[in-house]
Amino acid sequence: MTDLYKERFRPQFHLTPPNGPMSDPNGMVFFEGIYHQFYQFTGRWGHAVSRDLIHWEHLPLALVSDELGDIWSGCCVVDKQDTSGLFGGEAGLVALFTHYKDGLQSQSLAYSSDSGMSWTKYAGNPVIANPGVRDFRDPKVLWHEPSGKWVMVVSVDKRVHFYSSSNLTAWRFESEFGEGQGSQAAVWECPDLFCLPVDGDAGRLKWVLHVSIGDNKETDGSTAQYFIGQFDGQRFTSDDASGGHIRWTDYGQDFYAAVTYSDLPVEDGRSVWLGWTSNWKYPFAGPTEPWKGGMSVPRTLELRTDAEDVIGLCQKPIDELKRLRTDALRFAFVEADDQMVKLDFQGTSFELVADIEWKEAQSFGLRVLCSQSGAESAAFGYDTEEQAVFVDRMHAGRNDFINREGEPFDFGKRFTAPYKAANNRITFHAFVDESVIELFIDNGEKVFTVLVYPAPGSHGLELFASGGAAVFRSVDVYRLQSIWHK
């Protein structure tokens with residue numbers, strides 16, 4: 001089909017399915033030179049593979065429903081030492097996932113001896129039976145070197161449970177975390193647990209526990225949060241003893257269920273994740289056919305200390321994306337003073353890096369996907385009085401959608417994040433891809449992911465400032481190659 005991946009609104013450098021609904025990323029693992037990206041596909045695991053985290057090949061479904069139920073979210077690990085005894089002393093891939101049937105959720109296992117091309121369900125499933133709770137899902141497993149055992153973190157309502165195992169098949173409950181911690185707005189889902197150095201110091205390590213939060217009125221949809229602390233192989237202890245501080249992962253509305261890739265090479269030295277670009281308030285409501293849903297660009301993760309000595313999670317687009325750059329345009333030292341400035345650029349799939357400084361401006365930023373009349377655009381910028389970054393999709397195209405309850409909802413919104421820009425200077429790093437916008441502030445201190453559905457012909461790029469002048473020291477724009485068509 002020659003028009004596949006050329007449909008209206010289809011992202012050109014984001015992973016999307018050929019057809020059907022893609023949701024939570026699952027089973028993300030690196031093995032024998034291949035990145036495996038599994039994903040939720042109506043109670044089954046879809047499967048795509050890549051050698052560079054950019055170009056993807058879709059494969060047949062990996063895991064499908066069976067007598068124990070549908071296949072919900074989970075993870076994959078490389079059993080390097082054959083601790084499971086499933087691979088005859090060789091290394092192999094093990095998937096841990098949630099089985100769902102008749103309202104009951106339990107954790108099960110499948111394994112692959114041929115590099116993920118085919119899978120066998122473990123005869124002893126489930127490996128962790130439901131402990132008598134309604135929400136018990138989305139296992140994430142890692143090897144905890146200090147204790148010499150496998151660790152699993154599982155979502156259980158508005159908290160998580162930790163389990164340990166020596167062989168991936170027999171699991172022991174260790175502890176739970178979550179009561180009175182962070183946002184309790186809705187069920188916690190798709191947990192992840194990983195360790196990062198603070199400010200690049202390998203001698204100063206912290207653990208990050210990440211959970212996504214289901215659809216709820218308090219946050220007007222689904223969202224995600226993280227905790228920073230210590231983990232000893234049995235128990236996670238947050239650095240926030242009171243539990244009242246909420247650390248949001250992404251300040252847009254369309255980044256969910258993010259989990260890290262397992263078993264990246266040691267020499268890579270990175271932690272990398274991506275998330276589902278949608279929201280459980282309107283999971284598949286967008287006007288896209290024949291596909292629904294997709295993934296963000298992969299992002300590297302760092303822990304960094306800010307000017308107030310607060311440690312935060314920073315996200316940056318992977319460097320591999322630079323390989324997609326083609327035409328490069330630079331606009332230098334352009335001043336906007338209570339005005340809009342049109343730049344000589346038209347595009348719907350591109351990367352943009354803007355370095356901006358200001359004196360008295362109250363608000364400034366950029367408009368992308370602008371219509372010729374100027375009535376339609378998506379905007380992002382900085383409010384100097386509120387000290388907040390914002391992304392505005394109120395006039396970015398179609399807003400007339402129906403939520404999961406069959407009711408109209410307010411898709412056109414303005415999103416904000418508190419942020420103190422240093423020395424009256426800020427950098428915006430944006431990826432615009434047909435219907436997805438990802439915005440990284442400075443070195444990834446704040447991130448926004450939002451969906452938009454612009455009208456045909458909304459291709460323009462503009463600068464703006466109000467309440468005074470802002471100087472756009474440089475605006476570098478790169479057209480990006482399609483990963484689907486040469």
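The largest nonpolar core holds 44 residues, and Leu366, Ile426, Phe428 and Val475 touch the most other members. A nonpolar core here is a set of buried Ala, Val, Leu, Ile, Met, Phe, Trp, Tyr and Cys residues joined through side-chain atoms within 4.5 Å. Buried means under 20% relative accessible area, exposed means over 50%, and partly exposed lies in between (1.4 Å probe, protein chains only). Strand S32, residues 460-480, gives the most to this core, with 7 residues. Another core, of 30 residues, lies apart from it and includes Tyr39, Phe41, Ala48 and Ile483.

The model is predicted: local features need pLDDT of at least 70 and side-chain atom pairs count only at pLDDT 80 or more, while totals for chains, interfaces and linings use all residues. Residues are numbered from 1 along each chain as its sequence is written, and side-chain values use heavy atoms, with hydrogens and water left out.

The secondary structure consists of 0 helices and 32 strands; helices (H or I, at least four residues) and strands (E, at least two) are DSSP runs, numbered from the N terminus. The C-alpha trace spans about 65 × 55 × 45 Å along its principal axes. Buried residues make up 61% of the 486. Of the contacts (heavy atoms within 4.5 Å) with a separation of 6 or more, 62% join residues 24 or more positions apart. The protein exposes about 19,300 Å², of which carbon and sulfur atoms supply 47%; accessible areas come from the Shrake-Rupley method with a 1.4 Å probe, and for residues only the protein chains shown count as cover.

Some local backbone features follow. The peptide bond from asparagine 125 to proline 126 is cis, with omega near -5 degrees, and proline 126 sits in the loop between strand S9 (120-121) and strand S10 (137-144). Glutamate 289 and proline 290 are also joined by a cis peptide bond, with omega about 5 degrees; proline 290 belongs to the loop between strand S19 (272-276) and strand S20 (291-292).

Aspartate 220, although not a glycine, has a positive phi of about 55 degrees. Its loop runs between strand S15 (201-213) and strand S16 (223-231), and its relative accessibility of 25% makes aspartate 220 partly exposed. Phenylalanine 333, not a glycine either, has a positive phi of about 50 degrees. Phenylalanine 333 lies within strand S23, residues 325-346, and counts as exposed because its relative accessibility is 55%.
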